[in-house]
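Morning, everyone. Please have the sequence and the structure open while I talk.

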Amino acid sequence: MSTRFTFRIPTLVVAIAGLPAVEPMVLFGAGAPPPTWNVAIVGWQKLASLKDGVISISAPDARGGMIVGASLDPATASDLTPRMRVRLGAGNTATRFSVNLSDADKTRHKFSFDLTGVPVGTWTDVLPVYAPAISAPIDAVEPGEKPGLGQIVEVALIGDWSGNAVQLEIDRIDAVPADAAIQAQREKGGQVAAEVAEQKRKADEELAQRKAALLSGSIEHPADGARIVNIGAVAPDLLGIEIQEGEFHPGGMLPYVAQPGDTRSDGGEEWVVRDGRLVRELVGQTIQRTDPGRAATAPLGILAFDGRSVLTPARVVGTALQTLTLEEPGAYELSSSDDPAYARPAPAVAVFRKSKPNSPPAGPAIAILHKLYLRLPAPLQEGKRYTLRCKGINTRDESSAYRHDTRSARSDAIHVSQAGFRPDDPFKRGYVSLWMGTGGALPLAGIDAFELVDARSGRTVFTGKAAPASVNQAFHEYQRTDYAMAPVCWLDFSAFRTPGTYRLRIPGIGASHPFTIAETAWQEVFRTAMRGVLSQRGGIALGPPFLDFKRPRTSHPDDGTKFYQIDITCAQGQEGARGDALVRLWNAHGRLEEVTGVWGGYQDAGDWDTYTTTLLTANALTEAFEIGGDFAKKAILSLPPQEAGNRIPDLLDEALWGLAAYQRLQRPDGAVRDGFGDGWGARGCDVSWNDSNPVCVYAPSTDASWLYAQVAARMARVLAPYDAAQAAAYASSAEKAWAWAEGQKATEEAPSAEQRRNPQWLAAHHGEAAAAAALYACTRKPSYHDRFKAICELHEDADTAYNGQGIEPMQQADATFIYARIPDELADPVLKKRAVNRYVLAGNVAVHIMQSNAYNIATAYPGVPMRGFCSYFSNPGMGPSIVRAHALTRDARYLAAVVASTGFTLGANPENLSFTTGVGANPIRYPLKIDSLRTGQESPVGITVYGPSDQASGSFSEWVHTWFLTPARMVPASKSWPPPETYADIHIWPDANEYCVNSPMANAAYVWCYLAARP
């Protein structure tokens, strides 16, 4: 899973204007325009479809949904009742089905339909249970930002999340007026609602009695209860408490030896390859085993594809935290032996809360981190000792000691990069801010000074003034949000250069996580990032001594893996589309075409595709070597022994791994295939070295061929001093790739001046221009120079001034940078100067943006959206442009922007969370790395994830909010959190927990390499 999860979703408008109120109003089906978009979610992906005006769902269970667009004004239909015309299939066992009507601000009215008694095979009109009006659902209401249900914009069809099979069709959803039968149903529903209300009243009364009993101090504190993991002030009279509920225990991959009485259940028929034939086979079955001591059966795990191992389930263990009293001030008491204000135990005055899951789900369970902020009756005193008693919540320990030593006690409100800084970094800054969830923003009045203290001795080594941060100044419509949602202060200590380990301290409040100032600070984080890149390699066994993460060799022909040619390119689809293409070719020809000699590259993300992200990674690492000077040449990285001992610099060895895979994908005629990947994506029984899917090889494309030509030509230049023969081979293959790609184009006339000014035209030619520039630099052949000059973006100079307008500095970033570094004797001096100016503009954009937002996020592209898969918050610089600007100009302002761009990623954020595994005091733990979770291993270090994004605007993540970030788990409601705090470390969330190997992973390594290498 990766950035390939994209949808093109135009708005659907159902024409209902002018219909009388007493007539049915159609949301979907005959009488309405055909829907122009639909999305199947969760377990119904690829199992629910919309064709010829009929919704069809055929799924093995009811754990999924489907969404279609709609338009209906409740003001004209408020008293109408939703109705669904449905035809059940013979295999349907589902008895409940819901239709959710949603407006633009996510107000949602839910209606349940009872399918019991609906005949099979016959189109039948079905009303929701008790036939409620659209404006007054009985089943459930989820409020949005505004009260009431506004203009309906979507209809969601949702299963009941049971194991019952769903097999049905729907050809119409409308809203009908209330006749006598409907009125009778509503009256019955009203009676039921009254009974439910009475039951709720009694339940609330019992709940109040139970709460009072818990607050009396009689609550138990179990040995496996939730743990208090940090206590620290966030203001003199606000004490922060972090409580970890539940401990995640991963499953594993165990050898399977069948025992008498073992049974198999679940699973599904999937396409697999056996003996060169594409066949349907039952895979993913759960092994049920009888416990002889109890004569009971329990699931052992999911049987792997080869039948020799089982994937055992994960668990979340521990007594659940009693949330009934979690926000009650009387649940907490603070006392002190040396602070007279607390000589007698005193309860909190108020309690504010924010809770969020922080482990992968394990069945219905998930671990949760609760952050509580206790408003105290009197300020805490420096150096005094306190005892916090949790008298009304069932934490593991009833009482916890806390010393208010603000030189060492960590405060949740103070943020700084946990990777640290080089002494000569021109930008060193921390931040103070806190959004307290139910308590809103923390006021920062009175915070005017900060200190840098030695982490070991607590001695103050630097003092500075806290300065109010810039508010977010939107540069694009995608970024128009106050993403901090709290005031922020900057704590700048750029002038401090003494090596050591330090904390930022706010007197009277507390300190940050520790960080270092050291010459090697960026070297260490760079090497960690490169271990992450190494862990993404396919076609090789991973493990000690060069990597802690263990994994057998994947997708290698020597192990019997077969690769099959398909006729689509990567642009035409990825998992699913690949498999469908293979089935189509099999049905057409009755055979599969094998491709030999293909293997290697990088797994692009948490699953196992190898496509152009591999080439982009090789490109980034090759460029890091080009501009990295002696550091890049001498850097010692974790590598397999055969590479670690050769003459080639380690950084080039890693880049060559990705490039070599595409050299194998090149056909004799020069064409470069787009990569390879399994047919339908990782199934529940799969790990990467035991994949039930056939491996499909893409057709070649001009884009892949131009990209390969660029990277191979760049590699040939820098590799020549170390391996002249291999460098010459890459130069030759680059020219062949170029020649093939150029031969695929229709005859075209010389570009017009208008085309050269058209951003879309320039962007469409970016790959060709970059290949031409790289080949010219490598071969010095004028023909490549001529082609570059014909299609490059440098025929007009850029205005390098920037004051916040919504511009994009360039459309051909690689081509322009390559040309900006071509030796003067080869370059057109005017074009080269213009190339440099493009990056001067990019640097100025980055500096302006960095200085105009609270956490100094920096990018050269104002149009980058604050949305999933874009890594707005976690990807340093969101690309190489700021580094390139500094490499070309040595402007100190640009270097400051490069350093600033890394801060949020590495812990200088409101969550104090490093978004790179293995880096910092508080790194993420659960990126979407399928192999690590299914084998029970810690995730490899060096993985930088997509991270947080703006959720309020809606995204691919709707299903995550529905099923995992539920109101019972995430407080306040998941979409109400500030965008920088929306990340949840739960493994399963693609546009937050996943990544691509090129970006943000290799991009982060590139930036950190430059910071380590720069003079």
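Where is the place of Ser-939? Ser-939 sits in a loop, between helix 19 (930-935) and helix 20 (958-963). Keep in mind that this is a predicted model.

Is Ser-939 buried or exposed? Its relative accessible area is 14%. Buried means under 20%, so Ser-939 counts as buried. One distance to go with that. Gly-573 is 366 residues from Ser-939 along the chain, and their C-alpha atoms are separated by 28 Å.

Next, helix 16. Helix 16 covers residues 829-850, which is 22 residues. From first C-alpha to last, helix 16 reaches 31 Å. At 1.5 Å a residue, 32 Å is expected, and the value is close to that. Now look at what surrounds it.

What caps the N-terminal end of helix 16? Asp-828 does. A side-chain oxygen of Asp-828 lies 2.9 Å from the backbone nitrogen of Val-830.

On to a pair of helices. Two packed helices are described by the angle between their axes and the distance between the axes. Take helix 17, residues 881-889, and helix 22, residues 997-1013. They pack at an angle of about 30°, with axes 10 Å apart. Angles under 35 degrees count as roughly parallel, and helix 17 and helix 22 are therefore roughly parallel to each other. Their crossing is left-handed.

Now the strands. In general, strands of a sheet pair through backbone hydrogen bonds, either parallel or antiparallel. Start with strand 3 (residues 48-51) and strand 4 (residues 54-59). Four bridges pair them in the antiparallel sense.

How many strands form it, and in what order? Four strands, ordered 25-24-28-29, with antiparallel pairing. Strand 25 (346-347) and strand 29 (399-403) are the edge strands, and each pairs on one side only. Strand 24, residues 332-336, runs antiparallel to strand 25, and two bridges join them. Here Glu-333 has Pro-347 of strand 25 as its bridge partner.

How values were computed:
Residues are numbered from 1 along each chain as its sequence is written. This is a predicted model: local features need pLDDT of at least 70, side-chain atom pairs count only at pLDDT 80 or more; totals for chains, interfaces and linings use all residues. Side-chain values use heavy atoms; hydrogens and water are left out. The expected span of a helix is 1.5 Å times one less than its number of residues. A polar contact is a pair of N or O atoms within 3.5 Å; within protein, one must be able to donate a hydrogen and the other to accept it, and residues adjacent in sequence count only if both atoms are side-chain atoms. Two strands pair if DSSP finds at least two bridges between them. Axes are lines fitted to C-alpha atoms, for helices over the stretch in contact, and angles run from 0 to 180 degrees between N-to-C directions. Angles under 35 degrees count as roughly parallel, over 145 as roughly antiparallel, 65 to 115 as roughly perpendicular and the rest as oblique. A crossing is left-handed if the near helix is turned anticlockwise from the far one by less than a right angle, and right-handed if clockwise. Buried means under 20% relative accessible area, exposed over 50%, partly exposed in between (1.4 Å probe, protein chains only).
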